[in-house]
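These are my notebook entries on one protein chain. I set down what I looked up, topic by topic.

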Amino acid sequence: MDLSDFEEDNTKSSVVASAVPEVTKGEPCCLGIDEAGRGPVLGPMVYGICYCPLSGQDRLKEMGFADSKTLSEEQREKLFEAIAGAGEFMGWMIHILAPNAISNCMLRRSKYNLNTLSHDTAIGLIQRTLDSGVNLQEVYVDTVGDASKYQDKLKGIFPDLEITVTPKADAKFPIVSAASICAKVARDRSVKGWQFFEEGEDNNISRQFGSGYPSDPDTKKWLASMVDPVFGFPQFVRFSWSTAGKILDDKAVPVNWDDEDEEDKAGTPSVLSFFAAKAENPKQKKHQYFQERLLHTVTDFGS
């Protein structure tokens, strides 16, 4: 798993994939989707997929896949080595969503929450797999939000695929468990190898940030020590999370946006108002030449 592109610039999201096994282009295949790192306030969220021929599902069971969250890091690494070593019949792909990209999406003017981001990422991975030539027939997804609505959404986009969306899919389907392994290994490696570009000779950044979850006291302590009153947090932090927002409110310099203040003043239009649609259609207004001469449009010339 080559994460060098993401490590060189961890402000941007990155997609990494294995070679596509030739057998998956001919035989009907199944695909599993799962994620890692949805809840933490630190680090990326990673979506992973695995796919293989339907005829190889017994082999998946023999490989001993299980939900990645129930395994140690060492166990996950060994299972990923098994996935990589089965490249003649099994392929994988991951999409690493950078913390900065996650927060920018969630703070758009138009509503775009974490569930929508997750759905769009999963849809993108399915489409990439189809575009790579895999003969995909069955898709199994660990749900995000309402399972039936999510399943209907995916079926609407991919009507030719047999799609199953269910809670705990990683415990029910070995192909989803394999995807879970890929996602968790990628996140583990991304967090462990994180390059803090904000770090300098006089600014050493501690790696003692705990689990990264908002409820972790070590994570909270690290966040409070890392905030800059002007520039905020390092890129490692999902600044749209409420845990980070509260610390910014307490420790960062307040910012007043002039345009927001101006909107409150009577008679002073917002900058955005200049981009609003005009109520009057300019094509309906007569030219001054016709107005001055009291000329009107004639539609009936009589008999």
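**Entry 1: a strand and its partner**

I began with strand β1 and found that 4 bridges join it to strand β4 (residues 91-97), the two strands running antiparallel. I kept in mind that the model is predicted. Within this pairing, I looked up V16 and found that its bridge partner in β4 is I94.

I then asked which residues of β1 lie on the covered face and which on the uncovered one. In β1, which spans residues 14-17, S14 and V16 form the covered face, whereas V15 and A17 form the uncovered face. I noted the general rule that side chains in a regular strand alternate between the two faces of the sheet.

**Entry 2: the nonpolar core**

Next I looked up the largest nonpolar core, which has 79 residues. Which of its members touch the most others? They are M90 and W222. Helix α9 (residues 174-192) supplies the largest share of this core, with 10 residues.

**Entry 3: salt bridges**

I counted the salt bridges and recorded 8. I examined several of them in turn.

D9 pairs with K12, and their closest N and O atoms are 3.9 Å apart. I checked how accessible each partner is. D9 is partly exposed, at 27% relative accessible area, while K12 is exposed, at 53%.

I then turned to R76 and D188, whose side chains meet in a salt bridge at 2.9 Å, N to O.

K184 and D188 are separated by about one helical turn, because they are 4 residues apart in helix α9. I found K184 to be buried, at 19% relative accessible area; the value counts as buried because the cut-off is under 20%. Through shared partners, the salt bridges join R76, K184 and D188 into one network.

**Entry 4: two helices that cross**

For a pair of packed helices, I noted that the description rests on the angle between the axes and the distance between them. I looked up helix α6 (residues 114-131) and helix α7 (residues 147-157): their axes come within 12 Å and cross at roughly 35 degrees. The crossing of α6 past α7 is right-handed.

Which residues meet where these helices pass each other? From α6 they are S118, H119, D120, A122, I123 and I126, and from α7 they are Y150, K153, L154 and I157.

**Entry 5: a loop residue**

Last, I looked up the backbone of K168. Its phi is near 60 degrees, a positive value in a residue other than glycine. Where in the chain does K168 lie? K168 is in the loop between β6 (162-166) and α8 (169-172). K168 is also exposed, with a relative accessible area of 60%.

Notes: Residues numbered from 1 in each chain as written. Predicted model: local features only at pLDDT ≥ 70, side-chain atom pairs only at ≥ 80, totals over all residues. Heavy atoms only, no water. Buried < 20%, exposed > 50% of the residue type's maximum accessible area, 1.4 Å probe, protein only. Pairing = 2+ DSSP bridges. Core = buried A, V, L, I, M, F, W, Y, C linked by side-chain atoms within 4.5 Å. Salt bridge = Lys/Arg side-chain N within 4 Å of Asp/Glu carboxyl O. Axes fitted to C-alpha atoms, helices over the stretch in contact; angles between N-to-C directions. Left-handed = near helix turned anticlockwise from the far one by under 90°. Contact = heavy atoms within 4.5 Å.
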